[in-house]
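Please read the report below with the sequence and the three-dimensional picture side by side.

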Amino acid sequence: MKTLTILLLAAVVTTAAAQDDALTVLTGATVHPVDGEPIDNGVVIIRGERIEAIGPSGELTGTFDGERVTVIELDGKHVYPGFVHPLSSVGLTEIGSVAGTVDTTEMGAINAALRTEVAFNPDSALLPVSVAGGILTTHTAPSGGLIRGQSAVMRMDGWSWEDMTLEAPAGMHIAFPPGAADNADNEDLATIERTLEQARHWHRAQAAFEAGNAPRPRHNAQLEALGPVLDGTIPLFLHADNRAAIDAALDWAEQQDFGRVVLVGGPDLQYVADRLAADGIPVVLNGVYTMPTRRWEAYDMAYVAAAKLNEAGVKFAIGDGGGGFGATNARNLPFQAGSAAAFGLPKDAALKSVTQWAAEIVGVGDQLGTLTAGKRASLIVTNGDPLEPMTSIERVWIDGREYDLDRSRHRQLYERYRDRIAETAPGADD
Amino acid sequence: MKRIVLTLAVALAGSTAAAQYQPDIEAWTIDAPPEPQTVIVRNATLWTADDAGILDNADLVIEDGRIAAVGSDLRAPRGALEIDGTGLHVTPGIIDAHSHAAIIGGVNEATDISTAQVRIEDVIDADSINIYRQLAGGVTTINLLHGSANAIGGQMAVIKLRWGASPRELIFDAAPAGIKFALGENPKQSNWSNDEPRYPGTRSGVAQIIEEKFQLAEDHQRAIEAMPSGRRARDVVPPRPDLELDAIGKILDGSLRIHSHAYRADEMVMLIEVAERFGITIGTFQHVLEGYKLARRMAEHGVGGSTFIDWWNFKAEASDAIPYNPALMAEAGVLTGLHSDNPELARRMNLEAAKAVRYGGVEPHEALKMITTGPAEQLGVGDRTGRLAEGLDADFVIWNGHPLSVYSRVEQTWVDGRRYFDRETDLARREALDTERRELMAMVLDEGGGDEGAGDDEATGGGLLGYRDSELAHDAYCFAHDHRHLHAGIDFRKGNRQ
């Protein structure tokens, strides 16, 4: 590979504007594909937006003669895929206390027709801050009402939501009413059921119309939007927090016969792990950093939840509970996975829970989550284990382009005031 | 004369309240752990948070609740409790300079812009489960503060986490008295609707109120001092007793230190300027989100900075908060500490310190000082706790790995030479409890009284179960309180409304 490197160096032409098929070669780092063993002194070849190849230095042979190639030497560094946030409100919220900046929560109970991506603010200050923390993809969902609406998987860099949308709709979100756990007559659940039933009828009528057998059914945006989740084209993200609600939600989902269900819940998910595994239902675990559900539970109850899910064979992603507050600190997601590893979750599973498994659960496993030829070249370069808060994320590529980390407001303010503090050192200007 | 009577009345009221305090709560069923006369931790990595730095393969000797020696190849008398520290790390106990985790109501006496006379020590919740959970995260001392609803909030209480002790026994007697101030959006009530708006509604108004209160207290004090003594006093009407101004008077004479909630640089410069005019030094700015913008000014005044490392943008005045704040304040010579302000976050302050390594390249040992030595000195107890050094209280934590690593766990937490948390014991105890619970369930079912699956309130509720309000206590005014977005933007489980 040394020879290849030298050959490449000779061919380097750096250009200001990246080209669609521009070649970038990362060399010298330990490459962590996530779905395979780390590669010491590995190479990642990026062509355009995609990873063309990864492998050990020396085994990849170059066919780049005459092409424009940028070689990035990363000796001593580590390369990982970017983190995929499995459920957040990044993009929909700015300053939690200023209503005009918050688009997370529509009014009303039935919001099936809401599309997240159209309200995703490409210039949110939260985006560059999250990217600086390695979060390169977010599955963003609305959070108002019983049927909350359609989520979207978004790239964290772009000029408008159109070019940032990776998958939309990524899923339909329904909040299972906690009061329905022990009450068959729960009004909120009845509202959801009635709406789903109407939607089934509406789509039957629509199919009949399309077949030429019936008049066009009256337009109804909410009922129409429920079609893909009813026929299993998109998954249902069913939100239920504690054990009783989770059990009831699982029973209910079975009854309703949804094609695909992802359960979103708190650390109580560990208590239904066997059932989740048996039914093959993936989950988003809402947070390792939460209080134990019950006052009398063990202090580490929430810390061990991920390990219990893993032992039972449940496919899971670790989230942070979302919300506006979570959105500002989406960058802390990987630490939650790390803390789960302090309490029994194997480290490689911890890493997968915020990369590969998260990507798979939100429907972009073919594009993101691992360093694999053909996937999007969205990756981070670090000086160590990225689940460690002590580690620094030094460089970032999103879809093959290096991202300028100084776009983070935090880094801008840091650099400005670091200089100011240096200039005003006592005696500096006397 | 009047003053003495008044003081007595207050003291009596206090002791009556203490006599009537009857804890009906399980913490009191736990005996305080024994205090071994001598303990030696051998062959561990000691993070002293002191000039000695990090000592490899070193020993720590505890005698009668104090640190007796720190070094290599130390001897301990026969009968000493020996702990093999091979592969383990030991740090001082963590100190959290901003907490509301053990207060029975009263976090905010939110009725008046100044409530200097109220005291946290009257409302300590010694049975808060947070005390045990925070011990399990290596915390040994916390500062219980009022909230931020008022410009002048009330008097704080520094406690040691002696789980199982009474409220009075929790109080850290060495801690100098302090008082909570608040600046910015909260005292001016920006983020919630108020049927009866209260003055002030601007930062200028907050400044005006503080100056006015200082002046009134100074005048009050002067009037008291001007009272003639002896027989002549009978001919003069004494100044009207005023508990609030008495307390503020103590701020002015230096016996009550200000710990002020503050976010923006302008408001902090204001408080420094006012304090200097009245000849006093502020103890700390709490949160101090824009501390990095006035760090040199803070250092010059001598005020400490007690900050969140990475909370930002949850309200307008938090939009310039940056995680590099601790690194920059420390660089400028500010006595810097990290705090939780949140009972959930308080359980892993070591990882907050770890972020100071990420953001601004603070050395790990220096970062550890931000959760030990730094807050200890800010609270005025730096000669009693916060370091592994001879003569200090034996408040320390044994970790199973690097104390700032996400993969590390607390194995034991000691306060005053007593082991208040031990993971091994905790694991064994929960097994015993599970067994007991199963036996009780079986008995109930045998008697035919079983209602299978029932037994708690889970079916109906969401969120957290079985907690008392005081255990989820928070400074409701710190977080934005817009009711529509309260439910959208905040996960209550995480106690985010600080």
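Predicted model: local features only at pLDDT ≥ 70, side-chain atom pairs only at ≥ 80, totals over all residues.

## One residue in a strand

Helices (H or I, at least four residues) and strands (E, at least two) are DSSP runs, numbered from the N terminus. B:D96 lies in one of these strands, β6 of chain B, which covers residues 94-99. Residues are numbered from 1 along each chain as its sequence is written, and chains are lettered from A and ligands numbered from 1 in the order in which they are written.

Is B:D96 buried or exposed? A residue is called buried if 20 or more other C-beta atoms lie within 10 Å of its own, exposed if 12 or fewer do, and partly exposed in between, with the C-beta atoms placed from the backbone. B:D96 counts as buried because it has 30 C-beta neighbours inside 10 Å. Two residues are in contact if their C-beta atoms, again placed from the backbone, lie within 7 Å. When neighbours within four places in sequence are left aside, the contacts of B:D96 include B:V139, B:I142, B:N143, B:H339 and B:P375. The C-alpha atom of B:D96 is separated by 13 Å from that of B:M156, and these two residues are 60 apart along the chain.

Chain B holds 13 helices and 17 strands, and buried residues make up 54% of its 498 residues. Among the contacts in chain B between residues at least 6 apart in sequence, 70% join residues at least 24 apart.

Two strands pair if DSSP finds at least two bridges between them. Strand β11 (residues 257-262) of chain B runs parallel to strand β12 (residues 284-287) of chain B, and four bridges join them; here B:S260 stands opposite B:F285. Three bridges join β12(B) to strand β13 (residues 304-307) of chain B, also in parallel, and in this pair B:Q286 has B:S306 as its bridge partner. From β12(B) the chain crosses through α7(B) to β13(B) in a right-handed β-α-β crossover, where right-handed means that, with the strands pointing away from the viewer, the path from the first strand over the helix to the second runs clockwise. Another right-handed β-α-β unit is made by β11(B), helix α6 (residues 265-277) of chain B and β12(B).

## A helix in chain A

In helix α9 (residues 305-312) of chain A, the buried residues are A:A305, A:A306, A:A307, A:L309 and A:N310. Among the elements that cover them are α8 (273-279), β12 (283-286), β13 (316-319), α11 (333-342) and α12 (347-352) of chain A. After α9(A) comes A:G313, whose phi is positive, near 90°.

## Two domains in each chain

The domain bounds come from an automatic or database domain assignment. Chain A is divided into domain 1 (1-82 + 370-430) and domain 2 (83-368), and the centres of these domains, taken over C-alpha atoms, are separated by 31 Å. Their contact takes 24 residues from domain 1 of chain A and 25 residues from domain 2 of chain A.

Chain B is divided into domain 1 (31-93 + 387-444) and domain 2 (94-385), with 30 Å between the centres over C-alpha atoms. In chain B, 23 residues of domain 1 are in contact with 29 residues of domain 2. On the domain 1 side of this contact, the largest share, three residues, comes from β16(B).

## Where the chains meet

How many residues of chain B are in contact with chain A? There are 61 residues of chain B in contact with 56 residues of chain A. On the chain B side, α9(B) gives the most, with five residues. By class, this side has 27 nonpolar, 14 polar and 20 charged residues, where Ala, Val, Leu, Ile, Met, Phe, Trp, Tyr, Cys and Pro count as nonpolar, Asp, Glu, Lys and Arg as charged, and the others, Gly among them, as polar.

## Confidence in chain A

Chain A averages a pLDDT of 93, and 93% of the residues score at least 70. Over residues 1-18 of chain A, however, the pLDDT is below 50, and this stretch has 25 contacts in the model beyond near neighbours in sequence.

Key
pLDDT = per-residue confidence, 0-100.
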